[in-house]
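Please look over the sequence and the model below.

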Amino acid sequence: MRSADLSIVSLNDVLMKSLIYRLFAVATAALLLIDAGSAAEPQPQPPMSHRSPIPGESFDDLLKKGKAFEKKFQAEEALPLYLAAEKLAPKNPELLVRIARQYRYLMTDASDTSEKLRLGRMALEYSTRAAACGPKDCDAQLAPAITLGKMLTYLPTKQQVAASPQIKESVDKALAVDSHNDTAWHVLGRWNRVLAEVSSAKRLVAGLVYGQLPKGSIEEAEQDMKKAIAINPHRLMHYIELGRIYAQMGRREEAQEFIRRGLAMPEQEKDDAEQKDLGRQALKKMGFNAQ
């Protein structure tokens, strides 16, 4: 599964900002939270031009053409072909996973937050359908975790907290199907790193305000990422993420070593450039030359 379009927000930073705000304006924040949680959002619909199959094209032809565009990260060209193929095979988990991925790619490229959320909701709809249609398909089971991770940055804090156990559940189901999926171990490693960073005090207050936040382990994050590298040593995101884990553990030299290994690798996936930026930021934060 092409999964460099992963993105799990630092809940620690989000909780810090949200909790400080609540300490000074609890009543106002509570009202805002109710408004955000109760506001009815229109269900997103695909563009009108995407709703009809392409005449004369078979499912296999549409899928093949869509894959050719997807390989070049041309989501605007791939998506109409996949949506046309969906009319012919609406319960095909591989196709639904690919459609979700195109919406995530478009979400990455969108500049407007509301548009990012609209595309994210479309991706989540197809990810959820893929998981339902492919109970024995590892990529289908993992799709909701990847999509939720991509959306987290743009969701209200309460929804971020609610999404955290959903991400873990999705990853666990994927690994139960295929324990040798490097993407699943990568997502689990990030999940553990992010949640391990949340202090007990913030976790307690978050539980009172937003609901129970799962616990993560930085040691488990290290082991998860090592498994991802062992399974697939050719993806730069694994090395950079392991370096960030070591940085969080205070193991500076190992952090620098793995981040630089990732930075030296060629960019091959949609979000590799973004991953490298995160690696450079981590190096700079530790006081190393980020070049």
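At what angle do the axes of α12 and helix α14 cross, and within what distance do they come? The axes come within 10 Å and cross at roughly 25 degrees.

## About the model

This is a predicted model, in which local features need pLDDT of at least 70, side-chain atom pairs count only at pLDDT 80 or more, and totals for chains, interfaces and linings use all residues. Residues are numbered from 1 along each chain as its sequence is written, and side-chain values use heavy atoms, with hydrogens and water left out.

## Helix packing

Helices (H or I, at least four residues) and strands (E, at least two) are DSSP runs, numbered from the N terminus. Axes are lines fitted to C-alpha atoms, for helices over the stretch in contact, and angles run from 0 to 180 degrees between N-to-C directions. Angles under 35 degrees count as roughly parallel, over 145 as roughly antiparallel, 65 to 115 as roughly perpendicular and the rest as oblique. Helix α14 spans residues 272-286. With α12 it is therefore roughly parallel. The crossing of α12 and α14 is left-handed. That word applies if the near helix is turned anticlockwise from the far one by less than a right angle; clockwise makes a crossing right-handed.

Helix α12 also packs with α11. Their axes lie 9 Å apart, at an angle of about 160 degrees. The two are therefore roughly antiparallel. Here too, α11 passes α12 in a left-handed crossing.

## Aromatic pairs

The structure holds 3 aromatic pairs. Rings of Phe, Tyr and Trp (its six-membered ring) pair if their centres lie within 6.5 Å; planes under 30 degrees apart count as stacked, over 60 as edge-to-face and the rest as tilted. One of the pairs is Phe-73 with Tyr-105. It is edge-to-face, with 5.9 Å centre to centre and 80 degrees between the planes. Phe-73 sits in the loop between α3 (59-71) and α4 (75-88), while Tyr-105 sits in helix α5 (residues 93-109). The two are 32 residues apart, so the pair links distant parts of the chain. Phe-73 is partly exposed, at a relative accessible area of 24%. Tyr-105 is buried, at 0%. Buried means under 20% relative accessible area, exposed over 50%, and partly exposed in between (1.4 Å probe, protein chains only).

Tyr-246 and Phe-258 form another pair. Their ring centres are 5.7 Å apart and their planes meet at 45 degrees, so the pair is tilted. Tyr-246 belongs to helix α12 (residues 236-249) and Phe-258 to helix α13 (residues 252-264), 12 residues apart. Both residues are buried.

## Charges over rings

A charge sits over a ring if NZ of Lys or CZ of Arg is within 6 Å of the ring centre and within 35 degrees of the ring normal. Lys-270 lies over the face of Tyr-105, 5.6 Å from the ring centre. The charged end of Lys-168 sits over the ring of Trp-191, also at 5.6 Å from its centre.

## Salt bridges

How many salt bridges does a search of the whole structure find? It finds 21. A salt bridge is a side-chain nitrogen of Lys or Arg within 4 Å of a carboxyl oxygen of Asp or Glu. Among them is Arg-193 with Glu-241, at 2.5 Å, N to O. Arg-193 lies in helix α9 (residues 182-196) and Glu-241 in helix α12, so the bridge ties together parts that are 48 residues apart in sequence. Arg-193 is buried, with a relative accessible area of 7%. Glu-241 is buried too, at 0%.

Glu-222 bridges to Arg-251, with the closest N and O atoms 3.5 Å apart. Glu-222 is in helix α11 (residues 218-231), and Arg-251 is in the loop between α12 and α13, 29 residues apart. Glu-222 is buried, at a relative accessible area of 7%. Arg-251 is partly exposed, at 27%. Glu-57 forms a bridge with Lys-65, the closest N and O atoms being 2.6 Å apart. Salt bridges also link Lys-67, Glu-70, Glu-94, Arg-98 and Arg-101 in a network.
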